[in-house]
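Trainee: Could you walk me through how to read a few features of a protein model? I would like the general idea and then the actual case.

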Amino acid sequence: MARKVGFVLVLLAAATLAMEAGTAAAQSSPQDFLDAHNAARRGEGVDLPDVAWNATLEAFAESVVASAAAGGACDLRHTSGSGYGENLYWGPVGKAWSAADAVGLWMEEKASYVYSSNTCTKGALLDCGHYTQIVWRSTTSIGCGRAVCSNGDVLISCNYFPPGNVPNEHPYLYSNFAVDRTYTANQINCELAMERGASFAVVMAAMAMVLATTSTAQAQTTAADIVNIHNAARSAVGVAALSWDDNLAAYAQGYANQRAGDCALRHSDRNNYQYGENLSWNPSVQAWTAASSVDQWVAEKGSYDYASNSCVGGAMCGHYTQVVWRDTTAVGCAAVACNANRGVFFICTYFPAGNVQNQRPSMLKIISASSTAHSPPGSGYGENLFWGGAGKAWAAADTVGDWMKEKAFYVYSSNMCTKGKLLDCGHYTQVVWGSTTSIGCARAVCSSGAVIISCNYFPPRQLPRSAPLLLSLISMAQKAFALVLLAAATLAMAASTAAAQSSPQDFVDAHNAARRGEGAGLPDVAWSTTLQAFAESYVAQLAATTCSLAHSNSEDLGYGENLYGPAAAGSSAATAAGAVGKWMEEKADYVYSSNTCTRGALLECGHYTQVVWRSTTSIGCASAACSNGGGVIISCNYSPPGNWPDQRPY
């Protein structure tokens with residue numbers, strides 16, 4: 001009898017343990033994870049939207065914990081390059097850890113997070129990163145996985161999209177801008193400093209109605225006024241002018257109307273993160289003008305340090321950098337009288353978006369008291385100027401190398417520069433100007449540590465319609481020698497044909513021909529020098545080693561990426577058309593109706609879908625010859641990136 005009782009007790013204990021494990025599993029369903037996350041988000045009291053479940057994120061999380069559980073160490077490590085946010089949790093054997101346990105532990109970091117300074121008292125900001133990811137406003141989807149290791153430990157992973165914990169951003173913005181609160185200009189600036197100056201184009205379609213009561217203000221709210229203030233700031237740093245875009249304005253007006261009830265300085269979804277966006281609020285409908293808001297953004301220039309590409313002393317400068325962002329070409333703005341006419345909500349939207357992580361607003365110098373500006377006209381000399389930030393001993397090779405990068409944009413046959421005006425290639429053309437015979441250069445170090453270099457040329461580059469290597473100036477003897485060179489060049493032409501067919505325009509033409517061929521009204525893409533520079537840097541790294549194709553960290557920077565090669569040097573395959581043509585071959589395997597690829601995983605057709613991704617607007621490509629003689633490799637980067645989970649290309 002005693003043995004039977006003992007056996008029953010053993011069974012009861014086993015059943016109890018099994019019941020606890022089953023209970024935990026039952027409490028770690030998708031709905032359990034959603035409920036725990038959304039309860040935490042609602043608890044912030046800032047009207048955060050609920051998150052939804054995403055099967056793609058769930059599958060990714062499950063693969064992470066399953067892989068970790070299968071290893072003997074039962075050790076969780078963060079993944080990289082997924083494009084998702086990620087929270088990880090480990091619970092020791094002895095308890096059936098659930099969704100509520102994991103989210104509860106992550107939320108304990110809230111006690112250490114200081115919203116006003118966007119810091120964490122535990123140490124680095126990411127020491128509060130589990131909490132800030134959970135309450136990140138722009139995150140809309142989650143997917144989680146749970147696994148039990150052989151030793152009984154429990155692992156949980158949750159993935160988030162769009163990801164949170166973007167550097168220098170708060171997880172959300174307080175939205176209680178009510179008229180019964182008294183705000184000084186500095187207080188408003190302080191609140192605005194909590195947001196990153198994103199780039200988004202918007203319009204003024206309804207602004208006249210907003211300000212109909214004040215003729216003076218109304219007179220200062222035209223599209224031309226807004227564009228002029230933007231372009232004055234851009235001209236001051238040598239950046240091309242932008243123009244008004246009615247479509248961006250319409251988007252802006254639509255979002256401004258959504259804020260009419262609360263005046264909340266809360267960013268829109270920026271058309272799935274394709275646009276940049278600047279926001280402002282003013283408590284006086286009568287006194288406010290669009291010009292005053294844009295002037296306020298431009299005034300942040302004093303807080304921006306170009307050398308370190310950062311805001312000085314933690315002040316805000318993101319609105320300013322968006323205003324002068326080099327790749328941005330269009331803007332549209334709108335305003336609405338909000339909160340029962342007790343304030344004005346103003347928004348400007350920009351395209352392409354600025355404030356790209358780890359990039360400066362302009363590849364040109366920011367002209368300041370310690371920077372460089374061309375000497376007054378009348379010296380009779382040509383002049384090239386260079387500015388390098390503190391921290392590097394900039395040399396002659398750096399300077400001339402920088403100027404020669406403009407060669408990629410100069411078209412000899414038409415004497416044009418694809419960057420814009422001919423003088424946008426002027427450093428290069430001055431360096432190679434045929435009649436220039438003498439140069440003189442000087443270098444100085446500023447008190448800030450920045451380096452300034454000036455080179456002067458005589459005779460200078462002169463006639464606007466002259467090509468730099470004007471053959472008509474060559475002597476008869478030189479012409480004879482030129483014929484010899486021409487014969488040699490003819491022999492080398494086959495090898496150089498591929499390079500000649502891989503110019504920025506060749507890549508743009510190949511991509512746009514493919515996009516038009518879809519018959520879906522896809523917009524053309526444009527060339528981005530920023531993406532080009534990234535592609536050039538990466539293919540150079542690959543070419544210098546094994547020349548094997550392995551993707552870069554472009555995903556972390558917000559770029560898409562296609563790689564190609566190696567292709568035989570000098571062949572038609574080693575060209576822009578050859579690369580894009582190869583990528584487009586994947587179209588035959590892509591099934592639009594089911595958004596699948598017959599080759600296997602969807603990304604097996606990913607080169608094709610990236611080429612034709614509708615929201616992609618800019619590309620930058622580069623090619624390089626492998627140092628081992630293995631051929632030529634090509635990389636193209638894309639912004640905004642394509643191949644988003646569970647989305648079709650168009």
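Trainee: Let's begin with helix contacts. Which residues in H2 meet which residues in H4?

Mentor: Happy to start there, and do keep in mind that this is a predicted model. From H2, the residues Asp32, Phe33, Ala36, His37 and Ala40 take part, and they meet Ala99, Val103, Trp106 and Met107 of H4. Sorted by class, this contact of H2 with H4 holds seven nonpolar residues, one polar and one charged.

Trainee: What describes the geometry of two packed helices?

Mentor: The general idea is that two packed helices are described by the angle between their axes and the distance between those axes. Here, helix H2 spans residues 30-42 and helix H4 spans residues 99-107; their axes come within 9 Å and cross at roughly 25 degrees. Angles under 35 degrees count as roughly parallel, so H2 is roughly parallel to H4.

Trainee: And is the crossing of H2 and H4 left-handed or right-handed?

Mentor: The crossing of H2 and H4 is right-handed.

Trainee: Let's move on to aromatic rings. How many aromatic pairs are there?

Mentor: The rule is that ring centres must lie within 6.5 Å to pair, and by that rule the count comes to 22 aromatic pairs. One of them joins phenylalanine 534 and tyrosine 559, with 5.4 Å centre to centre and 75 degrees between the planes, which is an edge-to-face pair. Phenylalanine 534 lies in helix H18 (residues 529-544), while tyrosine 559 lies in the loop between helix H19 (554-557) and strand S19 (560-567), so the pair ties together parts that are 25 residues apart in sequence.

Trainee: Are phenylalanine 534 and tyrosine 559 buried or exposed?

Mentor: The cut-off for buried is under 20% relative accessible area. Phenylalanine 534 has 18% relative accessibility, so it counts as buried. Tyrosine 559 has 7% relative accessibility and therefore also counts as buried.

Trainee: Which residues form an aromatic cluster?

Mentor: One aromatic cluster is formed by Phe60, Tyr84, Phe161 and Trp644.

Trainee: Which residues other than glycine have a positive phi?

Mentor: Among them is asparagine 118, whose phi is near 50 degrees. Asparagine 118 belongs to the loop between strand S3 (113-114) and strand S4 (119-120), and it counts as buried because its relative accessibility is 12%. Asparagine 643 also has a positive phi, of about 60 degrees. The place of asparagine 643 is in the segment after S23, and at 27% relative accessibility it counts as partly exposed.

Trainee: To finish, what does the protein come to as a whole in helices and strands?

Mentor: The secondary structure comes to 21 helices and 23 strands. Of the 650 residues in the protein, 45% are buried. Among contacts between residues at least 6 apart in sequence, 71% join residues at least 24 apart.

Key: Residues numbered from 1 in each chain as written. Predicted model: local features only at pLDDT ≥ 70, side-chain atom pairs only at ≥ 80, totals over all residues. Heavy atoms only, no water. Axes fitted to C-alpha atoms, helices over the stretch in contact; angles between N-to-C directions. Helix = DSSP H or I, 4+ residues; strand = E, 2+ residues; numbered from the N terminus. Parallel < 35°, antiparallel > 145°, perpendicular 65-115°, else oblique. Left-handed = near helix turned anticlockwise from the far one by under 90°. Contact = heavy atoms within 4.5 Å. Nonpolar A, V, L, I, M, F, W, Y, C, P; charged D, E, K, R; others polar. Phe/Tyr/Trp six-rings, centres within 6.5 Å; stacked < 30°, edge-to-face > 60°. Buried < 20%, exposed > 50% of the residue type's maximum accessible area, 1.4 Å probe, protein only.
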